[in-house]
Amino acid sequence: EKDTKFFKESNGSIHFDMRYFRGAVGKPELEVEMRLLFAEFARLMDHYKIPYFLDGGSLIGWFWKRAPLPWDDDIDIGILWHHLFVLQWISKVYRTPHFELVVNPHFIFDRLMENNVIDARFIS
């Protein structure tokens, strides 16, 4: 059977893509990086007028503590499904030396493919 999974997780964490994972970082460094990552993502989405919202563990952390959960090493963000087409276009034109937007080419069919549950990643 052909492997159709687009984002392949590293052995270090399910939140790190194997293609980009360079090793674990300390909690203080991770928190700084996540803040920078979220700020750039928010700037990009605001520029293209794409609404976004906290999702998953990030939403739970914000609801209970107004902060990330202590064990969280990612930020879960959602957008409406039809905005993924715009996000796909943005990923082709967005260039920066520090961040990369990668959209799963299977996002249209991901609900039919159980191993493709992540539609996009914003990577630093």
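Visitor: How many aromatic pairs does the ring rule count here?
Guide: The count is 8 aromatic pairs. Rings of Phe, Tyr and Trp (its six-membered ring) pair if their centres lie within 6.5 Å; planes under 30 degrees apart are stacked, over 60 edge-to-face, the rest tilted. The model is predicted: local features need pLDDT of at least 70, side-chain atom pairs 80 or more, while totals for chains, interfaces and linings use all residues. Numbering runs from 1 along each chain as its sequence is written, and side-chain values use heavy atoms, without hydrogens or water.

Visitor: Why is the pair of Phe-41 and Tyr-52 called edge-to-face?
Guide: Their planes stand at 75 degrees, and the centres are 5.9 Å apart. Phe-41 sits in helix H1 and Tyr-52 in the loop between H1 and strand S1 (53-54), so the pair ties together parts 11 residues apart in sequence. Helices (H or I, at least four residues) and strands (E, at least two) are DSSP runs, numbered from the N terminus.

Visitor: How do you know that Phe-41 is buried?
Guide: Its relative accessible area is 8%. Buried means under 20%, exposed over 50%, partly exposed in between (1.4 Å probe, protein chains only). Tyr-52, at 26%, is partly exposed.

Visitor: What makes the pair of Phe-99 and Phe-122 stacked?
Guide: The planes are at 10 degrees and the centres 5.7 Å apart, so the pair is stacked. Phe-99 is in the loop between H3 and S3, Phe-122 in strand S4, 23 residues apart. Both are buried.
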